[in-house]
Structures are given as structure tokens and as C-alpha cells.
Amino acid sequence: MTEIKCAPSKNLNTAFTQFPTAKEMYAHLREITKPGGEFVVRNFVGVIQDISPEASLVESELFPAGALNYYTNKNMGWEYTQEEYDTWQMPERGGAQGDYRDGMPEKIANVIQCLQTEPLSKRAVIPIPYSRDGSATIDWTDQGQNKCCRELHFYLEDGKLKCTGLVRMQNANIFVKNIHFFAVLIDHVAKELKVPVGEYTHWITNVCHDRTATSC
């Protein structure tokens with residue numbers, strides 16, 4: 001691993017609920033949204049200590065391993081087969097608002113270049129708000145313009161690559177798809193930077209149990 005320059009810092013995420021892996025956070029999100037339907041939990045913040053891809057592959061009835069790997073490859077902008085699409089693509093697993101692939105390879109490359117060039121930067125950000133148009137054309141009725149994850153912020157701290165995700169809406173039963181994608185993305189960036197991975201901080205404005213809630 002490469003020894004990197006990090007800014008002196010104080011990370012206040014130590015005050016938030018800590019989870020060993022994504023599995024424990026998934027169980028917690030399912031529990032706190034158990035009433036289901038229109039019930040919503042606001043402003044959830046939690047920290048996952050081990051965000052490695054291996055620890056973040058959390059299978060569920062809706063998302064077996066094959067589905068998780070397919071959606072992650074798709075959102076990373078990597079290749080997938082027509083057979084994989086036919087097998088795993090389902091409306092119940094999220095629609096246009098959970099499709100993050102547009103421009104993703106370029107966004108990832110920008111983060112890598114940013115932290116390679118200026119390790120102290122606070123600009124290593126992957127924005128995911130819109131597929132094609134800018135914010136001036138925002139339309140609340142268009143799923144593709146209302147992405148669930150809004151931004152991923154990367155930073156070097158304590159000699160490690162860390163990440164904070166800002167999420168507009170999280171359906172608890174789709175969390176496993178999102179977190180596997182984030183984990184693979186973080187791991188990919190860390191390998192390019194040749195640094196270890198630190199904890200991941202997950203900020204969510206709205207958490208519902210599943211997609212039966214209105215205008216997720």
C-alpha cells in the first residue's frame with residue numbers, strides 16, 4: 001500500500017451508530033421501518049466499519065448474489081450480458097431512480113485523479129442526481145431525475161480511503177443492492193490509489209420498508 005498524505009482531522013461519525021458490516025445495518029433498517037406502507041424514518045445516519053465487497057454482499061430473497069453482482073456491474077458501467085439482464089432485471093429491484101451507470105466510469109476516473117493529484121482535496125465527489133439534464137429541469141414525476149443516492153464523497157483520512165454517501169431515499173429491502181455497489185466502487189478506487197479502505201458513513205433522509213411507499 002502507498003503511504004499517503006492526509007489532512008489533520010476530527011471525524012464526528014464516531015457519534016453515530018456503528019455497524020460491523022452491511023449485514024447488521026440491513027437488519028437494523030428492516031427493523032426500524034417494520035410498520036411498512038407509508039411509514040418513513042427521517043435522517044438516519046450510520047457507519048459501517050467493514051465496507052469490503054466480501055462483507056457487503058448481503059443476500060436476500062429479492063437479491064440473491066447473482067442479482068447483486070449484475071446490478072453492481074451495471075451501475076459501475078461495466079459489461080454485462082443479455083442473459084444476465086433477462087435473468088436479473090426486475091422492476092421490484094428498483095427502476096430508473098436506482099440506475100447510476102450514466103457517466104459512472106468518467107466520474108470514478110475523476111475521483112481517482114483528484115486524490116492522486118491532491119490527496120488533501122475535498123472535491124473527490126461522485127454526483128448522481130441526474131441522468132442527462134441539469135437541475136434547472138428537475139421534474140419530481142420523472143424517476144430518472146430523482147435518484148436515490150445523490151452523492152458519494154471520498155476522502156483520505158488516517159492513511160485510508162473513506163467515503164460518505166448522501167441518500168435521498170432508501171427502501172430497506174433495496175439497501176443490499178446499493179451497499180454492494182458502493183462497496184465495490186470504494187474498493188475499486190482504493191486499489192487504484194493503492195491505499196486501504198476505512199469506514200463508510202451512510203446518510204439517508206428518508207427510509208421506508210419497501211417500494212409500496214408513495215413517490216419513493
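User: Quick one to start: is Asp-158 buried or exposed?
Analyst: Exposed, because its relative accessibility is 58%, over the 50% cut-off. Keep in mind that this is a predicted model.

User: Thanks! Which side chain does Asp-158 meet in a salt bridge?
Analyst: That would be Lys-162, at 2.9 Å from N to O. Lys-162 is buried, with a relative accessible area of 4%.

User: What about Glu-199, which residue does it form a salt bridge with?
Analyst: Also Lys-162, with the closest N and O atoms 3.2 Å apart. Glu-199 sits in strand β6 (residues 197–208) and Lys-162 in strand β5 (residues 160–171), so this pair ties together parts that are 37 residues apart in sequence. Both Glu-199 and Lys-162 are buried.

User: Nice. Which residues are linked in that network of salt bridges?
Analyst: Glu-157, Asp-158, Lys-162 and Glu-199.

User: And how many salt bridges does the count come to?
Analyst: The count is 6. One of them joins the side chains of Asp-99 and Arg-101, at 3.0 Å from N to O. Asp-99 is buried at 18%, while Arg-101 is partly exposed at 35%.

User: Switching to helix α5, how many of its 19 residues are buried?
Analyst: 15 of them, so α5 is largely enclosed by the rest of the structure.

User: What happens just after α5?
Analyst: Lys-194 takes a positive phi of about 60° there.

User: Last one: where is Ser-60, and what does it touch?
Analyst: Ser-60 is in the loop between β2 and α2. Leaving out residues up to four places away in sequence, Ser-60 touches Tyr-26 and Val-176.

Conventions
Residues are numbered from 1 along each chain as its sequence is written. This is a predicted model: local features need pLDDT of at least 70, side-chain atom pairs count only at pLDDT 80 or more; totals for chains, interfaces and linings use all residues. Side-chain values use heavy atoms; hydrogens and water are left out. Buried means under 20% relative accessible area, exposed over 50%, partly exposed in between (1.4 Å probe, protein chains only). Helices (H or I, at least four residues) and strands (E, at least two) are DSSP runs, numbered from the N terminus. Contact means heavy atoms within 4.5 Å. A salt bridge is a side-chain nitrogen of Lys or Arg within 4 Å of a carboxyl oxygen of Asp or Glu.
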